[in-house]
Amino acid sequence: MTREAANRPVMLTDTKARGLADLPPVQSDSLLALIALAAADPRADKIDVGVGVFRDGAGNTPILKVMKQAEQRLLDTQVTKAYLGGAGDKKYAELLRPTVLGEHAADARIAGVQTPGGCGALRLGFQLIARANPKARVLLGTPTWPNHAPIIDGVALEIVEYPYYDRSSGAISFAKMLEALEAAAPGDVVLLHGCCHNPTGADLSDDQWEQMTQVVARRGLLPFVDIAYQGFGRGLDEDGRGLRGLLTACDEVIAAHSCDKNFSVYRDRVGSLWLKTASEESTRTAMAHVLQDAREMWSMPPDHGAACIHIILDDSELRARWLVELAAMRERINAVRRRIASFDPRLDYIGRQFGMFSLLPLSRDQVLKLREDHSIYMADSGRFNVVGMADGDIDRFTAAVVDAMDG
Ligand SMILES: Cc1ncc(COP(=O)(O)O)c(C=O)c1O
């Protein structure tokens, strides 16, 4: 199933002079619109589970304690803000390497570079693919994070959709996924969520990763792993296992990694792009293209968040404190999942899924009714953030959802 590009830039083919006022309207990002809608609701008891950030039991998104310590240390010790260069903080990427690559960290054919968030890494990775092989098609499991298709459209690669998830059973449509991969041509790209699938929460099991990896390797496909929530699912290391299996089986792998969620530095924009090719030399060349593209777009990534993560990862005590705070975030996610699942057998599957997001079995009308009657805000698709609500709101939220399902 191929799909039309949604927001591709309009190319003007006639010579008539045009101004900025002639631009066509842009379809607004529905998740950003939802945040604005929730913010404007004056009801004191509103629940915003449309939002894409971790919230603690009190309903806040605090700065991690270890991040405050690192920021203080940065403030005390930083002596210059002179340019760092297009690759940003090279030591940040070096220190992050074992976390992302695990047993592959010493492989010189893999290079990583700092990017402005996971989004910056996705854009650079797809641009590199478009440069190397503009005819490559991108296999995209649906549903997926709504920003994937626009980023791929932005570099004019063709998208081929396949169904990833079956809403009625709350399970991955694994046979259909393998069928789509078997039908792809060598050189086609398959975009995979490394862990904590957004929006479904449905992650491949170890066995499914293994089977899928074998098909990707045998068919000569290029796996592109988007790993934005490492440590929010089963554990920091466990969440990287799918990517590492692909690195074992395939000569070429691309990964877009984000530290924005697992270090809770969303607005600071901290990510990285990872490339593996068959040789050290071709990886160097590919990375040179990446840096050239980055230079054209943002010249160099923002420093502050990466500089703080550099400080944390370079200090064993701070790193240990980060792991404790990360575990606390993960445990809250999984505890809220279990609690919601215990309410009604129809919500059972939520307890078996991972990360911040899952889809509720609600129609668009039911979602809108929850908004009107209970000031509960979630995406029209029924995607909700399991830790978008405070502990004190979980029972009221789940009761309203069950009510809506029955109504
Ligand atoms: C699946 C997925 N990939 C990538 C990103 C981008 O993350 P960042 O905020 O670091 O750009 C997100 C953010 O919501 C995401 O959900």
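**Around the ligand and out to the domains**

Helix 4, residues 117-132, gives the most to the shell around the ligand: three residues. Helices are DSSP runs of H or I with at least four residues, strands are runs of E with at least two, and both are numbered from the N terminus. The model is predicted: local features need pLDDT of at least 70, side-chain atom pairs count only at pLDDT 80 or more, and totals for chains, interfaces and linings use all residues. Residues are numbered from 1 along each chain as its sequence is written.

The ligand is surrounded by G52, G117, G118, C119, W145, H193, N198, D226, A228, S258, D260 and G271.

Now step back to the whole chain. The protein has 13 helices and 13 strands. Its radius of gyration is 21 Å, close to the 22 Å that the globule rule gives for 407 residues, so the protein is as compact as a globular protein of that length. That radius is taken over C-alpha atoms, and the rule is 2.2 Å times the number of residues to the power 0.38. Of the 407 residues, 43% count as buried, with 20 or more other C-beta atoms within 10 Å of their own C-beta, each placed from the backbone.

Next comes the core. A nonpolar core is a set of buried Ala, Val, Leu, Ile, Met, Phe, Trp, Tyr and Cys residues joined through C-beta atoms within 7 Å. The largest one holds 107 residues, and L139, L181, V189, V190, A255 and I309 touch the most other members. Domain 1 (27-64 + 318-406) and domain 2 (83-313) both give residues to this core, so it lies between them. These bounds come from an automatic or database domain assignment. Beyond its neighbours within four places in sequence, I309 is in contact with Y92, C259, F263 and V270. Contact means C-beta atoms, placed from the backbone, within 7 Å.

Finally, look at the two domains. Their C-alpha centres lie 26 Å apart.

Terms used:
A residue is near a molecule or strand if its C-beta atom, placed from the backbone, lies within 6 Å of it. A residue is buried if 20 or more other C-beta atoms lie within 10 Å of its own, exposed if 12 or fewer, and partly exposed in between; C-beta atoms are placed from the backbone. Two residues are in contact if their C-beta atoms, placed from the backbone, lie within 7 Å.
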